[in-house]
Amino acid sequence: MRLHSDVSMTDTDDGTVLLHQRTGRYWQLNPTGSQVLHRLLAGDTPETVASDLAASYGVDPRRAADDVGAVIRQLRAADLTVAS
């Protein structure tokens, strides 16, 4: 996964802010969403990210996988990321 060429990313104390420069729309990711995005951009698989989140936060692995999938779908739906 990579950011769309029109998207800028800035990390903050509260997570990550994404700006789609073509549309002028902003998105705010909380710290967990930010962690998911950064790991995916670094080349980790959704399965690895979900497994690590489940272990770190003590949540059901299926729930973590669903949450990671939801982040991916929302980023793609907003045209913020593309598959690499």
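This is a predicted model: local features need pLDDT of at least 70, side-chain atom pairs count only at pLDDT 80 or more; totals for chains, interfaces and linings use all residues.
Biologist: What covers the buried residues of H2?
Modeller: H1 and H3 are included in that cover. Covering here rests on contact, meaning heavy atoms within 4.5 Å. Residues are numbered from 1 along each chain as its sequence is written, and side-chain values use heavy atoms, with hydrogens and water left out.

Biologist: Which are the buried residues of H2?
Modeller: Val49, Ala50, Leu53 and Ala54. They span an arc of only 130° around the axis, which puts them on the same side of H2. Buried means under 20% relative accessible area, exposed over 50% and partly exposed in between, with a 1.4 Å probe and protein chains only. The arc is taken from the directions from the helix axis to the C-beta atoms.

Biologist: And which exposed residues does the face of H2 turned away from its buried side carry?
Modeller: Glu47, Ala55 and Ser56. After H2 comes Gly58, with a positive phi near 65°.

Biologist: Val49, then. Buried or exposed?
Modeller: Buried, because its relative accessible area is 1%. Leaving out residues up to four places away in sequence, Val49 touches Val36, Arg39, Leu40, Asp44 and Val68.

Biologist: How many Å separate the C-alpha atoms of Val49 and Arg39?
Modeller: 6.9 Å, with the two 10 residues apart along the chain.

Biologist: What does the side chain of Arg39 make a polar contact with?
Modeller: The side chain of Asp44, at 2.5 Å. A polar contact is a pair of N or O atoms within 3.5 Å; within protein, one must be able to donate a hydrogen and the other to accept it, and residues adjacent in sequence count only if both atoms are side-chain atoms. Arg39 itself lies in helix H1, and Arg39 is listed among the buried residues there, with Gly33, Ser34, Val36, Leu37 and Leu40.

Biologist: What covers the buried residues of H1?
Modeller: The cover includes strand E2 (7-12), E3, E4, H2, H3 and E5.

Biologist: At the start of H1, what does a side-chain oxygen of Asn30 reach?
Modeller: That oxygen comes to within 3.1 Å of the backbone nitrogen of Thr32. Beyond the other end, H1 is followed by Gly43, whose phi is positive, near 105°.

Biologist: On to H3. How many Å should its residues span?
Modeller: 24 Å, because H3 has 17 residues (61-77) at 1.5 Å a residue; its end C-alpha atoms are 24 Å apart, which agrees. The expected span is 1.5 Å times one less than the number of residues.

Biologist: Which residues of H3 are buried?
Modeller: Ala64, Val68, Gly69, Val71, Ile72 and Leu75. Their arc around the axis is only 155°, so they sit on the same side of H3. The other side has exposed Arg62, Arg63, Asp66, Arg73, Gln74 and Ala77.

Biologist: Why do some residues in a helix point the same way?
Modeller: An α-helix has 3.6 residues a turn, so residues three or four places apart point the same way.

Biologist: What covers the buried residues of H3?
Modeller: The cover includes strand E3 (15-20), helix H1 (31-41), helix H2 (46-57) and strand E5 (81-82).

Biologist: Pockets next. What volume has the largest pocket?
Modeller: About 360 Å³. The search uses a 1 Å grid over the protein atoms alone: a pocket is an open set of points with protein on both sides within 12 Å along at least five of seven lines, whereas a cavity is a set where a 1.4 Å probe fits but cannot get out, and lining residues have an atom within 4 Å of a point. Points are joined across faces, edges and corners, and the volume is the space filled by probe spheres set on the points.

Biologist: Which residues lie nearest the centre of the largest pocket?
Modeller: Asn30, Thr32, Gly33, Asp67 and Val71, out of 19 lining residues. H3 supplies the largest share of that lining, seven residues.

Biologist: Last one. His4: buried or exposed?
Modeller: Buried, because its relative accessible area is 15%. His4 lies in the loop between strand E1 (2-3) and E2.

Notes
Helices (H or I, at least four residues) and strands (E, at least two) are DSSP runs, numbered from the N terminus.
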